Amino acid sequence: MIKIPDDLLCVLEENGQLVEFHKNEMVYSQDDLENTVYIIKKGRVRAYNLMQDGREINYEVLEKGRFFGDSAFVKDSTRPVNIQTVTNSSIIEISLPALEKCLLQNSQLCFLFLEMMSERSNWLTEIVKSLTVFDAYQKVAFFLVRNASENNVLQGITDHTLPYSHQEIADSTFLQRPTVSKVLQQFERDGFIQTRYKKIKLIDADGLKKKYKV
């Protein structure tokens, strides 16, 4: 995963404003007007949508060195998702004119932004494929492999263990909770995972990918 290094974070901070957020604090809400871009200097945030029935659909968790709010690049656009902190966070808020100045003056930073947007585009393509082509078993397998194959302390993922409940996985894969529970029980019987309360440990990622072709 591509991230902005500390020296370039300092460049962005010099041209923007560092804002401190508490855990579970909203950075912005879906449908807010766009006019700024945000870069995480410390902490984690999650991107999600709130559905009419009250369910939350989680898309991704972003950490230090990642940016969000890039839909601000589109004139008169609104925020497509909610952004909420997962931990106490320090976030650089920068206006479009200030960011444009930084990108024009620093080719390394400009290239990093292009790389991260390309990486996000590829990730979204995989997500669309998983939601439209995969069956329930493939959707859950894809979610587990994508999120738990590599440890990430910043996201709370250690020893290839995801800190997610069945309901949170259901919301992230657009499945019903009973369906997710049934799939996870099968995965555990097959020896691919181990489950505990709000924790799922990936034991055999290669076997899971091979069986379900994800």
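Buried here means under 20% relative accessible area, exposed means over 50%, and partly exposed is what lies in between, using a 1.4 Å probe and protein chains only. Tyr137, with a relative accessible area of 24%, is therefore partly exposed.

A quick word on the ground rules. This is a predicted model, where local features need pLDDT of at least 70 and side-chain atom pairs count only at pLDDT 80 or more, while totals for chains, interfaces and linings use all residues. Residues are numbered from 1 along each chain as its sequence is written, and side-chain values use heavy atoms, with hydrogens and water left out.

| Residue | Relative accessible area | Class |
|---|---|---|
| Thr36 | 9% | buried |
| Ile39 | 0% | buried |
| Tyr137 | 24% | partly exposed |

Let's start with Tyr137, which sits in helix H4, residues 136–148. Helices (H or I, at least four residues) and strands (E, at least two) are DSSP runs, numbered from the N terminus. Setting aside residues up to four places away in sequence, Tyr137 touches Lys182, Val183, Gln186, Phe187 and Tyr212; contact means heavy atoms within 4.5 Å.

Now over to strand E3, which covers residues 36–42 and includes Thr36. With sequence neighbours up to four places away left out, Thr36 touches Gly69, Ala72, Arg79, Glu93, Ile94 and Ser95. The Thr36 side chain also makes a polar contact with the side chain of Asn35, at 3.4 Å. A polar contact is a pair of N or O atoms within 3.5 Å; within protein, one must be able to donate a hydrogen and the other to accept it, and residues adjacent in sequence count only if both atoms are side-chain atoms.

As for Ile39, its contacts beyond four places in sequence are Ile4, Leu9, Leu12, Arg66, Phe67, Ser90, Ile91, Ile92 and Ile94. Ile39 and Met117 are 78 residues apart in sequence, with 13 Å between their C-alpha atoms.

**The sheet**

Four strands make an open, antiparallel sheet in the order E2-E7-E4-E5. Its edges are E2 (26–28) and E5 (56–63), each pairing on one side only. Two strands pair if DSSP finds at least two bridges between them. Within this sheet, E4 (residues 44–50) runs antiparallel to E5, and seven bridges join the two. Arg44 stands opposite Glu63 in E5.
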